[in-house]
Amino acid sequence: MEVLFFIKSSSVDITNYTIKDIPGSSGRLDVISRCILAALLNLKGFNNNIQIWVFLEKYGTFIFNPESFDEEVFPKNEILLTEYFVDLILNRAGQLRYSKNPLKRIKYINQDIFNTLKAYKKQKYSIYVLDESGQDFFKYIKEISSQEHIIFVIGSQTGEILKSIELIELNLPNLSLGTQSYLASSVIRLIRLNLKLLI
């Protein structure tokens, strides 16, 4: 099973970024960093069947694929990951501030989330949108578990993507993990847990 998590943010802005105040100076890039860690890391390292695609409205799209990283030096805490990610975003077309930045092999593309979803839909990927008002995720767990290629679209804290006309027009199934509100990183962990992808 190959699983891709798609997360989009229009709020991330690192113009005034400082490591001393990551949430306040980055437009909540810390939330994205927690999602990346939740998607990629196991107790023993990486799950190579999982990727997370980060769509930043102001900066483009970054593909976190475990095959691009050295497991031994990958930053496994939120602060370090954010610092290296900011370096990559600011210098994606030039020389990195940290010459040994462990994220330097990340693939960067200039394509928005909607066109990417359309392309994968044509390739017959199973795509699900996580939405608190959606249908019961657990009723579909058997169907989801039988799929070979899956994309989960995770909404941001503002919920702007879930309300977008472009997403609605794609007519994708909306699933909910229950009536409780979860952080995006917790949604990712719950999906991994229920699909037995936490190894």
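On a 1 Å grid over the protein atoms alone, a pocket is an open set of points where a 1.4 Å probe fits, with protein on both sides within 12 Å along at least five of seven lines, and its lining residues have an atom within 4 Å of a point. Keep that in mind for the tour below. This is a predicted model, where local features need pLDDT of at least 70 and side-chain atom pairs count only at pLDDT 80 or more, while totals for chains, interfaces and linings use all residues. Residues are numbered from 1 along each chain as its sequence is written, and side-chain values use heavy atoms, with hydrogens and water left out.

**The second largest pocket**
- Its volume, meaning the space filled by probe spheres set on the grid points, is about 160 Å³.
- The lining includes Lys8, Phe55, Glu57, Thr61 and Asp112.
- Strand E4 (50-56) and strand E5 (60-64) each give two or more residues to that lining; strands are DSSP E runs of at least two residues, and helices are H or I runs of at least four.
- By type, the lining residues split into four nonpolar, four polar and three charged.

**The nonpolar cores**
- A nonpolar core is a set of buried Ala, Val, Leu, Ile, Met, Phe, Trp, Tyr and Cys residues joined through side-chain atoms within 4.5 Å.
- The largest one has 50 residues, and Ile52, Phe64, Phe85 and Phe152 touch the most other members.
- Helix H2 (29-40) is among the elements that supply at least two residues, and H2 gives the most, with eight.
- Leaving out residues up to four places away in sequence, Phe64 touches Ile36, Leu40, Phe69 and Phe85, among others; touching here means heavy atoms within 4.5 Å.
- Apart from this core lies another, of 19 residues, including Ile151 and Leu172.

**Ser25, tucked into a helix**
- You'll find Ser25 in helix H1 (residues 22-25).
- Ser25 counts as buried because its relative accessible area is 9%, and buried means under 20% (exposed is over 50%, partly exposed in between, with a 1.4 Å probe and protein chains only).
- A polar atom of the Ser25 side chain lies 2.9 Å from the backbone nitrogen of Thr18.

**Two residues with positive phi**
- Most residues other than glycine have a negative phi.
- Arg28, in the loop between H1 and H2, has a phi near 70° and is partly exposed at 35% relative accessibility.
- Asn171 has a phi of about 55° and sits in the loop between helix H6 (165-169) and strand E9 (174-176); at 66% relative accessibility, Asn171 is exposed.

Conventions
Ala, Val, Leu, Ile, Met, Phe, Trp, Tyr, Cys and Pro count as nonpolar, Asp, Glu, Lys and Arg as charged, and the others, Gly among them, as polar. A polar contact is a pair of N or O atoms within 3.5 Å; within protein, one must be able to donate a hydrogen and the other to accept it, and residues adjacent in sequence count only if both atoms are side-chain atoms.
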